[in-house]
Amino acid sequence: MGAVKNKRMPRAVREQQMLDAAVRTFGQRGYRAASMDEIADLAGVSKPLVYLYLNSKEDLFTACIRREAAALTAAVRAGVHPGLPADRQLWEGLRAFFTHTAQNPDGWAVLHLQARTHGEPFAAEVTAMREELVAFVTQLIAVAAREAHRDPSPAERAEHEVAGLAEALVGAAESLAAWANTTPGVSAKQAAATLMNFAWAGLGNLMDGRAWAPPKS
């Protein structure tokens, strides 16, 4: 049974209620299987009102992606405090990421599973979010490199390495969040610690000049 219909609800509140229902439905049932009737019923509104506010199923899904992407990036940025040491900044960012994805599993399913598998324009929305996260992580790793060397020049020389590490770290976080959300008993803190241990050990070796190199033969 859907929510009780409230004709006096302000438009902004009603629209968020529709988006809440849509994220839940898209996240649990998938984009193609989700119906506008089901979303309207869950939101406690009529289907024509959903179309009036959000135009189409495609536009509704796009609005869900944008809202969830903005919430995730904001959570990660809010979790990081610039005055902390580099390792603490990275840890707090990872913990914020995994806490948010754990607390919003339907939103994460929309971003990580649904949006990426249904082509454009949905994939482009997620790509934009991912690029923002990668840029943010790149800054964190660059700060760590500067702290380790007390000199900005190593970070400049290894700019491509820093960018590659950021890409790898974000990709690992995405995969680990999907695994953690479907594996009983894995907390957000545990997931963050797993990736932190994996990433920081490698970053530490690299910044100390102990980079692994493939065999010559």
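This is a predicted model: local features need pLDDT of at least 70, side-chain atom pairs count only at pLDDT 80 or more; totals for chains, interfaces and linings use all residues.
Residues are numbered from 1 along each chain as its sequence is written, and side-chain values use heavy atoms, with hydrogens and water left out.

Student: How many helices and how many strands does the secondary structure of the chain come to?
Tutor: Helices (H or I, at least four residues) and strands (E, at least two) are DSSP runs, numbered from the N terminus. Read from the N terminus on, the elements run α-α-α-α-α-α-α-α-α-α. The count for the chain is therefore 10 helices and zero strands.

Student: What percentage of the residues in the chain is buried?
Tutor: Buried means under 20% relative accessible area, exposed over 50% and partly exposed in between, with a 1.4 Å probe and protein chains only. The chain has 217 residues, and the buried share of them is 44%.

Student: What does α1 reach from its first C-alpha to its last?
Tutor: Helix α1 covers residues 11-29, which is 19 residues.

Student: Which helices are included in what covers the buried residues of α1?
Tutor: The buried residues of α1 include R14, M18, L19, V23 and F26. Contact here means heavy atoms within 4.5 Å. The cover of these buried residues includes α2 (36-43), α3 (47-54), α4 (57-79) and α6 (105-117).

Student: Which word describes how α2 and α3 lie to each other?
Tutor: Axes are lines fitted to C-alpha atoms, for helices over the stretch in contact, and angles run from 0 to 180 degrees between N-to-C directions. The axes of α2 and α3 are 8 Å apart, and the helices pack at an angle of about 95°. Angles under 35 degrees count as roughly parallel, over 145 as roughly antiparallel, 65 to 115 as roughly perpendicular and the rest as oblique. That makes α2, in relation to α3, roughly perpendicular.

Student: Where α6 meets α9, what is the handedness of the crossing?
Tutor: The axes of α6 and helix α9 (residues 159-181) come within 11 Å and cross at roughly 125°, and the two helices are therefore oblique to each other. The contact is made by P105, W108, H112 and R116 of α6 together with E174, S175, A177, A178 and N181 of α9. A crossing is left-handed if the near helix is turned anticlockwise from the far one by less than a right angle, and right-handed if clockwise. The crossing of α6 and α9 is left-handed.

Student: Which residues does V137 touch, not counting those up to four places away in sequence?
Tutor: V137 lies in helix α7 (residues 122-149) and is buried, with a relative accessible area of 13%. Its C-alpha atom is separated by 9.8 Å from that of L94, 43 residues apart along the chain. With the sequence neighbours up to four places away not counted, V137 touches A166, L169 and V170.

Student: What is the phi of N55, which is not a glycine?
Tutor: Most residues other than glycine have a negative phi. N55 is found in the loop between α3 and α4, where it is exposed, with a relative accessible area of 53%. The phi of N55 is positive, at about 70°.

Note on methods. The expected span of a helix is 1.5 Å times one less than its number of residues.
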